Amino acid sequence: MGAQLRQLRRRIKSVKSTAKITRAQELIASSRIVKAQQRMQAAVPYEREITHAVSAVLSNTTNVDHPLTVAKEQPATAGVLIVTSDRGFAGGYNANILREAEALKGHLTGRGLAVRPYVVGRKGLTWHRFRSREMFGEWDGFSDNPSYANAKEIADALITAFKAEDGIDEIHVVYTGFVSMLTQNVIVKRILPLEVEEAETPPEGIPPYYEFEPTAGDVLDSLLPRYIESRIYNALLQSAASEHAARRRAMKSATDNANELIRVFTQQMNQARQAEITQEISEIVGGANALADAAAGKE
Amino acid sequence: MAKLRVGVVSPEREIWTGEADMVIAKTVDGEIGIMPNHAPVLGVLVEGGVLRVKRGNEGDLVAAVHGGFISVADNDVSILAEAAELGSEVDVARAKDALQRAQASIEADQEDADARLQAKRAAARLRAAGEEV
């Protein structure tokens, strides 16, 4: 009996310390979501303006055949940028991303394209290394707090590969879109060849006729890479916010589970203790009765 | 008289928005001055340029703008900078230090493109802060 009590006490102690850790993780994640959301908000004006500028150039130039907007007739290879997190403890966050990336890979292979993965985040890197798959770009260390310089580095690598002779013909990105605290969806998008995403409200009437300094071609040359950087930066920011939201949710349910376990164990422990006391009492009473009977028999 | 609505934005934050009478920026073709009712323009800005926003009585707003674009349409002026810093926010001592270091590495290696870029940026920050360079 005493052994069972001791065992339960030990388990309660260990579950309690686990609950403390998961609770702390939950609180940290909650505070970081707010920051990540603010960063997303702060990036909105630039995204809006650059999208506006790109559509302005594209609507003013009749024949756009910039290398970044032209789809090759016979695409042979596709690059896939997969945005995962550096740390786990985030429920199904990374599993969802990698599953979608696999689905995209199957789809692209079906179209006859060779797939080259570019991976962000330690979890995605180890996933690929474990399966000994070749990666063409590896980045880690900033998944929960990406800076624009990180996005620029990734965009540079992708654009260089896209422009190279034996490089990639299409670039897709797989990331987690942040809809709200409770909803995050995996998003699969093609970023090159470029399709400009129109701003939410389409401009009324004919867009104004722009003058370009120095020329439309030059403006486009420097504008398009910036636009791609901004798209990738947006993907990184949304992924970061989603990562924190996923971690918060995973840690909240872990804390809830731990508390439930503690409740069940405490009940079992009390039952065991009560049973032990009851047995001791009945043993004492039984012993006393036996003694009393023996004494009565003697007289 | 009509006013310009000016926004200076970098990828990581909105740096300044407000109204102005005139905006002077430096594109790769040379300086460009924008006044109200200017024709739509889209220009590429130089690395390490200084942006000047004239606001009448409130005085000028000066910012160091590194690369990016200026887009003008319908009295809306947007400056999209890869990085930008208001003159009032520049840490002069640090910018001077950065300029000296960059110049030292240019002297050591004439081909050092990175240092040249650093020097340009530091000089722009100092000019934006009102220092002579």
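Residues are numbered from 1 along each chain as its sequence is written, and chains are lettered from A and ligands numbered from 1 in the order in which they are written. Because the model is predicted, local features need pLDDT of at least 70 and side-chain atom pairs count only at pLDDT 80 or more, while totals for chains, interfaces and linings use all residues.

**Exercise 1. Describe the side of chain A that touches chain B.**

Step 1: Begin with the contacts (C-beta atoms, placed from the backbone, within 7 Å). They join 23 residues of chain A to 23 residues of chain B.

Step 2: Now look for the elements, which are DSSP runs numbered from the N terminus (helices are H or I, at least four residues; strands are E, at least two). On chain A, helix H1 (2–60), strand S6 (211–213) and helix H5 (216–298) each give two or more residues. H1(A) gives the most, with nine residues.

Step 3: Sort this side of chain A by class: 17 residues are nonpolar, two polar and four charged. Here Ala, Val, Leu, Ile, Met, Phe, Trp, Tyr, Cys and Pro count as nonpolar, Asp, Glu, Lys and Arg as charged, and the others, Gly among them, as polar.

Step 4: Check for strand pairing, for which DSSP must find at least two bridges. S6(A) pairs with strand S5 (residues 41–44) of chain B in the parallel sense, over three bridges. Within S5(B), B:Leu42 stands opposite A:Phe212.

**Exercise 2. Find the residues that touch the most other members of the largest nonpolar core.**

Step 1: Such a core is a set of buried Ala, Val, Leu, Ile, Met, Phe, Trp, Tyr and Cys residues joined through C-beta atoms within 7 Å; buried means that 20 or more other C-beta atoms lie within 10 Å of the residue's own.

Step 2: The core has 102 residues, and A:Leu81 and A:Val174 touch the most other members. H5(A) gives the most to this core, with 17 residues.

Step 3: Follow A:Leu81 beyond its neighbours within four places in sequence: its contacts are A:Tyr118, A:Val120, A:Ile154, A:Leu158, A:Ile171 and A:Val173.

Methods
Contact = placed C-beta atoms within 7 Å. Buried ≥ 20, exposed ≤ 12 C-beta atoms within 10 Å, placed from the backbone.
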